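Subject: Structure handover

Hello,

Here is the structure I said I would pass on. Please look it over first; my notes follow below it.

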Amino acid sequence: PAAAKPLPGYAGWKNADAVVVHSSTTIETKRSAFGTSVVTPTNQLYVRNNLPTPSESIVADRDAWQLQVAGVRQPRTLSLRELKTLGLETVTMVLQCSGNGRGFFPSKPSGTPWTVGAAGCVTWSGVPVRDVVQALGGLIDGVPYMTGTGGEVLPAGIDPKTVIVERSVPVAAMQDAILAWELNGEPIPLAHGGPLRLIVPGYTGVNNIKYIKQLAFTPKESDARIMSHGYRITPPGGKGDPSQPSVQEMSVKSWINSPVPEDGTQAAGTVQIHGVAFGGLHGIKGVEVSLDGGKTWRAARLVGPDMGKYAWRQFVLQATLPKGKHVLASRATDDQGNVQPETRGENQSGYNNTSWADHAVTITVA
Ligand code: MSS
């Protein structure tokens with residue numbers, strides 16, 4: 001096997017044993033490293049950057065960070081120091097890249113071949129967006145979108161629209177969105193968007209804008225390429241365009257994190273088959289586990305604290321597996337009755353893979 005790539009400097013503090021470094025801007029949590037304590041430790045959390053990471057200097061004086069707010073009756077620029085006076089909320093949510101599970105697409109879409117580890121369940125603290133909007137006089141009329149802009153310094157000589165990280169979500173997402181400065185009890189590391197990040201619980205990773213410099217309520221979706229053409233559910237073989245659905249709300253998904261022996265061989269005996277399940281905008285009602293590749297299912301037990309509808313739940317099923325080959329799968333149901341599907345939705349870029357069959361694990365009990 002190829003030698004493991006070293007961690008890039010801005011993420012040098014990550015636990016190298018718990019992650020796979022795909023590139024200097026893409027780091028995945030190992031399936032075997034998720035553990036069972038609900039919240040993903042920051043030093044194991046995946047990283048995905050579309051542009052080079054900004055300079056450490058932007059986290060030197062965090063409270064001085066400036067956010068421009070537009071599309072409100074009293075638009076203005078606020079410092080992080082000021083934002084901290086406007087409100088406080090904490091949310092635990094699943095942060096998941098739109099392309100998590102891309103590695104299971106047989107079509108091998110371009111982009112990082114993530115399996116399960118471009119996701120984590122983490123806790124953010126910050127000010128509710130609705131409190132900021134209220135402090136600035138409320139929304140102006142005719143703004144169905146909330147648009148966040150990343151604070152990266154853009155490469156010179158390129159049309160900024162082609163590279164800037166700017167995403168729009170329906171304004172309704174404002175209700176539970178926060179402008180966060182803390183991740184898992186610490187100031188947000190630069191790698192995860194410090195000093196200030198837009199968190200839109202229930203929406204895929206790309207909608208959670210790091211080092212946010214502008215929050216605007218807008219009549220139209222952003223015309224930045226990452227919004228208009230990127231991150232679209234494009235038919236296989238096609239090209240992205242604004243008429244196709246954008247990656248937004250996540251939907252019900254689960255996967256098994258143990259047993260996932262590296263060589264596929266498991267010692268005989270009793271095992272605790274465990275994993276994670278989440279419902280995007282909805283809580284989890286239950287999870288079933290199959291020991292025979294989906295022919296029959298047994299109810300798993302939800303275990304550990306329920307940290308709200310945006311967090312994942314851990315599930316476990318105790319089983320004693322006879323010698324031979326077993327295909328272990330999990331299938332979650334959200335509290336609206338939506339069941340995780342067997343198959344993936346085919347699309348050109350390998351987004352939104354929730355297929356339970358793709359996420360199944362094959363093990364041999366010796
Ligand atoms: N933000 C910014 N500013 N920039 C970039 O690049 N990316 C995205 C988000 N945000 C970015 C941002 C993506 S794409 C993702 S996933 C996320 O982020 C991640 O996160 P972390 O923290 O993990 O790294 Mo896919 O859908």
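A cavity, on a 1 Å grid over the protein atoms alone, is a set of points where a 1.4 Å probe fits but cannot get out. A molecule sits in a cavity if more than half of its atoms lie within 2 Å of its grid points. Here, the space taken by the ligand is the largest cavity.

The model is predicted: local features need pLDDT of at least 70 and side-chain atom pairs count only at pLDDT 80 or more, while totals for chains, interfaces and linings use all residues. Residues are numbered from 1 along each chain as its sequence is written, and side-chain values use heavy atoms, with hydrogens and water left out.

Ligand site

The ligand is surrounded by 22 residues, where a residue is near a molecule if one of its heavy atoms lies within 4 Å of it. Asn50, Cys97, Ser98, His192 and Lys210 are the closest. The shell is made up of eleven nonpolar, seven polar and four charged residues. In this scheme Ala, Val, Leu, Ile, Met, Phe, Trp, Tyr, Cys and Pro count as nonpolar, Asp, Glu, Lys and Arg as charged, and the others, Gly among them, as polar.

Polar contacts are pairs of N or O atoms within 3.5 Å. A polar backbone atom of Asn50 lies 2.6 Å from an oxygen atom of the ligand. For His192, an N or O atom of the side chain is 2.7 Å from a ligand oxygen, and for Lys210 the side-chain distance to a ligand oxygen is 2.7 Å.

Strands

Strands are DSSP runs of E with at least two residues, numbered from the N terminus, and two of them pair if DSSP finds at least two bridges between them. An open, antiparallel sheet has three strands in the order S1-S2-S3. Its edge strands, S1 (19-23) and S3 (47-48), each pair on one side only. Four bridges link S1 with S2 (residues 26-29), and Val21 is opposite Ile27 in S2.

Trp65 is in the loop between S3 and S4 (66-70).

S4 runs parallel to S13 and is joined to it by three bridges, with Ala70 opposite Ala216 in S13. S8 (residues 145-150) is antiparallel to S13, with six bridges; Thr149 stands opposite Gln214. Five of the seven residues of S13 (residues 212-218) are buried, so S13 is largely enclosed by the rest of the structure.

Regards

Definitions and conventions:
A polar contact is a pair of N or O atoms within 3.5 Å; within protein, one must be able to donate a hydrogen and the other to accept it, and residues adjacent in sequence count only if both atoms are side-chain atoms. On a 1 Å grid over the protein atoms alone, a cavity is a set of points where a 1.4 Å probe fits but cannot get out, and a pocket is an open set with protein on both sides within 12 Å along at least five of seven lines; lining residues have an atom within 4 Å of a point. Buried means under 20% relative accessible area, exposed over 50%, partly exposed in between (1.4 Å probe, protein chains only).
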